[in-house]
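Subject: Structure for your review

Dear colleague,

Please find the structure below, together with its sequence.

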Amino acid sequence: MCAVSGAMNYLFMASLGKTPLEGQILGAASAAADVLKALLPFFIAWSWAAKRTVAAVSGTLAFLFFAAFSFLSAIGFAADNRGTLVDAREGISQAYTRVQRSLGEAETSRNALPAHRPATVVTEEIGAHRQNRRWNATKECANATEGESRAFCAEYFRLRSELAIAQESERLSDQIATLQAESATLRGDGAGQDSDPQTSLLSRITGQKPEPVRLALTIAVALLVEIGASLGLFLASGHLARPVSAP
């Protein structure tokens with residue numbers, strides 16, 4: 001627990017440095033204070049046992065200060081990590097929503113296109129039209145004056161329109177395939193799921209809003225680490241226990 005607390009405090013304080021060096025200095029100071037915090041209960045107990053009241057009171061004040069500082073650092077670390085995780089999950093869900101909206105728009109646009117044949121088929125027919133003698137006679141349908149020439153050119157431009165529709169359909173189909181793949185990837189990453197299921201469950205159980213519940217969980221994590229790091233070694237050592245007398 002001491003190692004976990006020291007690491008949390010180091011990482012949080014190091015993130016506040018303007019430069020890497022300043023971050024390391026802040027982190028080292030925080031970790032050193034955390035080590036001293038774990039040792040102070042022993043010093044305080046020994047001072048009380050030796051009736052050194054001033055030293056015991058001074059040690060208690062120092063312990064309370066270090067414990068409060070470490071607790072605040074632990075809260076910052078826990079809040080930063082939970083906030084980052086929740087924001088990442090919400091970002092994935094928002095991206096999934098955007099992809100689904102774009103997918104629906106693309107499918108609607110493709111379904112709204114007039115009936116058409118594949119682009120390759122239409123391209124071949126356009127090529128056949130350009131081999132017709134009327135193609136040159138009408139100067140590539142720029143000068144269609146006779147009835148048959150006008151009908152020929154009307155069919156040619158219809159084919160051009162059908163080709164454009166077929167190409168747009170292919171473009172939309174490619175876009176839809178890309179969006180479907182992206183949607184599947186986002187679903188695999190957790191899109192559409194609760195961004196903070198622990199908070200949501202406790203919020204439903206307690207009837208409280210999610211924000212107070214999330215804050216309580218963050219404080220609970222910090223308390224778990226800091227109580228264990230501050231007093232765990234002192235309580236576990238049992239140094240104040242009196243030895244059992246031999247029978």
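Helices here are DSSP runs of H or I with at least four residues, strands are runs of E with at least two, and both are numbered from the N terminus. The model is a predicted one, in which local features need pLDDT of at least 70 and side-chain atom pairs count only at pLDDT 80 or more, while totals for chains, interfaces and linings use all residues. Residues are numbered from 1 along each chain as its sequence is written, and side-chain values use heavy atoms, with hydrogens and water left out.

The nonpolar patch

Val35, Leu36, Leu39, Phe43, Trp46 and Leu233 make a nonpolar surface patch of about 540 Å². Such a patch joins nonpolar side chains (Val, Leu, Ile, Met, Phe, Trp, Tyr) within 5 Å, and like charges are joined within 9 Å; its residues have over 30% relative accessible area and no salt bridge. Accessible areas come from the Shrake-Rupley method with a 1.4 Å probe, and for residues only the protein chains shown count as cover. Helix H2 (residues 20-49) gives the most to the patch, with 5 residues. Phe43 is found in helix H2. With a relative accessible area of 37%, Phe43 is partly exposed, a class that lies between buried (under 20%) and exposed (over 50%), with a 1.4 Å probe and protein chains only.

The salt bridges

Side chains of opposite charge can pair when their charged atoms come close. A salt bridge is counted when a side-chain nitrogen of Lys or Arg is within 4 Å of a carboxyl oxygen of Asp or Glu. The whole structure holds 9 salt bridges.

One of them joins the side chains of Asp34 and Lys37 (2.7 Å, N to O). Both residues lie in helix H2, 3 residues apart, about one turn of the helix. Asp34 and Lys37 are both buried.

Helix H6 (residues 147-188) contains Arg158 and Glu155, 3 residues apart and so separated by about one helical turn. Their side chains meet in a salt bridge (2.7 Å, N to O). Arg158 is partly exposed at 39% relative accessibility, and Glu155 is partly exposed at 28%. Arg158 and Glu155 also belong to a network of salt bridges that links them with Arg117, Glu125 and Glu162.

Arg171 and Glu168 form a salt bridge through their side chains (2.7 Å, N to O). These two residues are 3 apart in helix H6, again about one helical turn. Arg171 has a relative accessible area of 43% and is partly exposed; Glu168, at 29%, is partly exposed.

Yours sincerely
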